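Subject: Structure handover

Hello,

Here is the structure you are taking over. Please open it alongside this email; my notes follow below.

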Amino acid sequence: MLKIGVIGAGTMGSGIAEVAAALGQVVLLDVDLERAQAGRSAVEKRLNRLVEKGALEAAVRDERLARLAVSDHLQDVRDADLVVEAAAESLAVKQDIFRALGELCSPQCILGTNTSALSVTAIAAATKGPERVVGIHFFNPVPRMQLVELVRTPLTSQECLERSKELVQALGKTPVVVDEAPGFVVNRLLLPMINEAIFLLGEGVASAEDIDTAMRLGANHPMGPLALADLIGLDICLAIMETLHAELGEDKYRPAPLLRKMVRAGRLGRKTGQGFYSYDR
Ligand SMILES: NC(=O)c1ccc[n+]([C@@H]2O[C@H](COP(=O)([O-])OP(=O)(O)OC[C@H]3O[C@@H](n4cnc5c(N)ncnc54)[C@H](O)[C@@H]3O)[C@@H](O)[C@H]2O)c1
């Protein structure tokens, strides 16, 4: 059976572990066991909800949970066929993880990063065997979102890309192949729109509710940009805008001051219970 390692058990890692457990044996890893366990509990809660709704058989839930182990030791992914990293959006953190994975994992193991906007090439270059490093960019919430951007660096081998495509399809997702560029396709288009909505709010042009209603009813978006920012996490939104700004060097990518202020205040959206809206946790 396929063995899949997931590094980082937060919003994305727990979602990736959930879909991966439908395919193979999964190790969900974080900096400590408590966080890794919290990621697993989030999966359990979502699967329980599906069972209650009659969308999943209890036996299938039990099987998937039995395949989902937690760990705080990178050693536990050394025999994986695929590792997907979904840790903090920091180049230094990701390079450290990939440096260690490059030493630990077999040359056949595919090493994927779920980075939102960082340079996959810079991550690959820190890894022994950079030809097996690829961006595997899932979307939030992972169990529901169909797309995966497969990000090819100049160092990624064709074999790695083909196998990644097959794995992504086996996970029930649709891959699109993108050459590395800041923010890839989706975030390059989506985040400047979210950032502009935050500028509008900061300038007092309209309320958060009205900005979101305007885009839902006027542009037929399923969700308004500010509610979407809360779902993504405002820290992640800021990190993506900073990458776009630094890499592309144009003022149009400048993060909105209100976004910085919210992040400094720890109002990160759904995950902290408070962002542009309040959430019961
Ligand atoms: N939130 C989104 O909508 C979204 C969408 C696509 C991609 N991403 C990307 O996925 C990654 C994770 O984002 P998230 O929203 O899940 O963040 P999160 O803050 O919810 O979770 C990150 C987790 O990684 C853990 N972590 C940090 N350093 C680690 C390390 N060295 N080893 C193991 N675990 C470590 C943290 O303890 C935390 O539990 C980021 O790179 C982000 O840009 C996020």
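**The ligand shell**

By class, the shell around the ligand holds 14 nonpolar, nine polar and four charged residues. Here Ala, Val, Leu, Ile, Met, Phe, Trp, Tyr, Cys and Pro count as nonpolar, Asp, Glu, Lys and Arg as charged, and the others, Gly among them, as polar.

Before going further, two points on the source. This is a predicted model: local features need pLDDT of at least 70, side-chain atom pairs count only at pLDDT 80 or more, and totals for chains, interfaces and linings use all residues. Residues are numbered from 1 along each chain as its sequence is written.

Which of the 27 residues around the ligand come nearest? They are Gly8, Gly10, Met12, Ser116 and Asn140. A residue is near a molecule if its C-beta atom, placed from the backbone, lies within 6 Å of it. Helices α1 (11-20) and α4 (91-104) each supply at least two residues of the shell. The largest share, three residues, comes from α1. Helices (H or I, at least four residues) and strands (E, at least two) are DSSP runs, numbered from the N terminus.

**Two domains**

The protein is divided into domain 1 (3-179) and domain 2 (186-272). These bounds come from an automatic or database domain assignment. The C-alpha centres of the two domains lie 26 Å apart. Their contact takes seven residues from domain 1 and eleven residues from domain 2. Contact means that the C-beta atoms of two residues, placed from the backbone, lie within 7 Å. On the side of domain 1 that touches domain 2, the residues divide into two nonpolar, three polar and two charged. Why does the ligand lie between the domains? Both domain 1 and domain 2 give residues to the shell around the ligand, so it lies between them.

**The strands**

Strand β1 (residues 3-7) pairs with β4 in the parallel sense, over four bridges. Two strands pair if DSSP finds at least two bridges between them. Isoleucine 4 stands opposite leucine 82 in β4. Strand β4 (residues 82-85) is also joined to β5 by four bridges, and these two run parallel. Valine 84 stands opposite glycine 112 in β5.

In a regular strand the side chains alternate between the two faces of the sheet. Both faces of β4 are covered: Leu82 and Val84 on one side, Val83 and Glu85 on the other, are all buried. A residue is buried if 20 or more other C-beta atoms lie within 10 Å of its own, exposed if 12 or fewer, and partly exposed in between; C-beta atoms are placed from the backbone. In strand β5 (residues 110-113), Ile110 and Gly112 point one way and Leu111 and Thr113 the other, and all are buried.

Strand β3 (residues 68-71) has Leu68 and Val70 on a covered face, with Ala69 and Ser71 on an uncovered one. β2 and β3 pair in the parallel sense over four bridges. Alanine 69 in β3 is the bridge partner of valine 27.

**Leucine 28**

Leucine 28 is found in strand β2 (residues 25-29). Is leucine 28 buried or exposed? It counts as buried, because it has 30 C-beta neighbours inside 10 Å. Leaving aside neighbours within four places in sequence, its contacts include Val6, Ala9, Gly13, Leu68 and Val70. Alanine 17 is eleven residues away in sequence, and 6.5 Å away in space, C-alpha to C-alpha.

Helix α7 (residues 186-202) has 17 residues. From its first C-alpha to its last it reaches 24 Å, close to the 24 Å expected at 1.5 Å a residue. The expected span is 1.5 Å times one less than the number of residues. Among the buried residues of α7 are Asn187, Leu191, Ile194 and Asn195. What covers them includes α8 (208-218), α9 (225-232), α10 (234-248) and α11 (257-264). Glycine 204 follows α7, with a positive phi near 75°.

Seven of the eight residues of α9 are buried, so α9 is largely enclosed by the rest of the structure. The buried residues of α9 pack against α7, α8 and α10. Just after α9, glycine 233 takes a positive phi of about 110°.

Best wishes
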